[in-house]
Amino acid sequence: MGQRTTATDADIIDAVRALGPAVDAAADWIDRERRLPDDLVEAIRAAGVFEMYVPRFAGGAEVHPLTAFTVAEELARHDGSVGWCAQVAAAVTTATSVRALSEEVRQAIKPLLRADGLAVLLSDAEAGLFRL
């Protein structure tokens with residue numbers, strides 16, 4: 001699953017807030033090139049955004065849903081597309097991490113994730129599809 005994170009919700013929010021000037025500086029380039037620059041993507045990854053939805057036992061930060069909203073808001077404050085892309089990347093990372101678990105483990109944790117009110121992508125092993 002990759003390296004385990006020790007980042008807290010506050011660590012991720014602080015790291016994302018520190019990215020504001022970099023997002024601002026990249027805004028024209030993003031509009032012109034219609035993608036995020038690689039160095040900005042790496043900085044967002046290093047801030048812990050991509051693993052923020054991943055459960056702790058799987059190496060992620062397992063942030064509170066309001067933290068995830070704050071992360072998106074902070075990035076989007078500087079450039080809406082950066083906030084959107086970061087949230088999509090976080091969801092894809094979660095889907096990939098959860099899908100990498102065995103079917104037995106996915107089924108065992110499914111009720112726990114739903115009971116907590118988290119929207120986590122779970123694999124439908126038979127259909128090969130994802131669902132919220």
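Predicted model: local features only at pLDDT ≥ 70, side-chain atom pairs only at ≥ 80, totals over all residues.
Me: What makes E74 count as buried or exposed?
Reply: Its relative accessibility is 11%. Buried means under 20%, so E74 counts as buried. The residue sits in helix α4, residues 65–78. Leaving aside neighbours within four places in sequence, E74 is in contact with V16 and R17.

Me: Why is V88 called partly exposed?
Reply: V88 comes out at 35% relative accessibility. Look for V88 in helix α5, residues 80–99.

Me: What makes W84, V88 and V92 a nonpolar patch?
Reply: Patch members need over 30% relative accessible area and no salt bridge, and nonpolar side chains are joined within 5 Å. W84, V88 and V92 together have about 310 Å² of accessible area on the surface.

Me: How do you know whether L36, out in a loop, is buried or exposed?
Reply: L36 does lie in the loop between α2 (20–33) and α3 (38–46). But its relative accessible area is 12%, and the buried label applies under 20%, so L36 is buried.

Me: Which residues touch L36?
Reply: Not counting residues up to four places away in sequence, L36 touches W29, I30, V41, V82 and C85. Contact here means heavy atoms within 4.5 Å. L36 and C85 are 49 residues apart in sequence, with their C-alpha atoms 8.4 Å apart in space.

Me: What makes a set of residues here a nonpolar core, and how many residues has the largest?
Reply: The members must be buried residues of nonpolar types such as Val, Ile or Met, joined through side-chain atoms within 4.5 Å. The largest such core has 23 residues, and those with the most contacts inside it are I12, I44, V49, M52, V71 and V82. Each of α1 (9–18), α2, α3, α4 and α5 supplies at least two residues of this core. In soluble globular proteins, nonpolar side chains tend to be buried together.

Me: Which residues does M52 touch?
Reply: Setting aside residues up to four places away in sequence, M52 touches I12, A61, E62, V63, A68, V71, Q87 and A90.

Me: And what about the protein overall: how many helices and strands?
Reply: There are 6 helices and 2 strands, running α-α-α-α-α-α-β-β from the N terminus on. Of the 132 residues, 41% are buried.

Technical notes:
Residues numbered from 1 in each chain as written. Heavy atoms only, no water. Patch = residues over 30% accessible without salt bridge, like charges linked within 9 Å, V, L, I, M, F, W, Y side chains within 5 Å. Areas by Shrake-Rupley, 256 points an atom, 1.4 Å probe, with all protein chains shown as cover. Salt bridge = Lys/Arg side-chain N within 4 Å of Asp/Glu carboxyl O. Helix = DSSP H or I, 4+ residues; strand = E, 2+ residues; numbered from the N terminus. Buried < 20%, exposed > 50% of the residue type's maximum accessible area, 1.4 Å probe, protein only.
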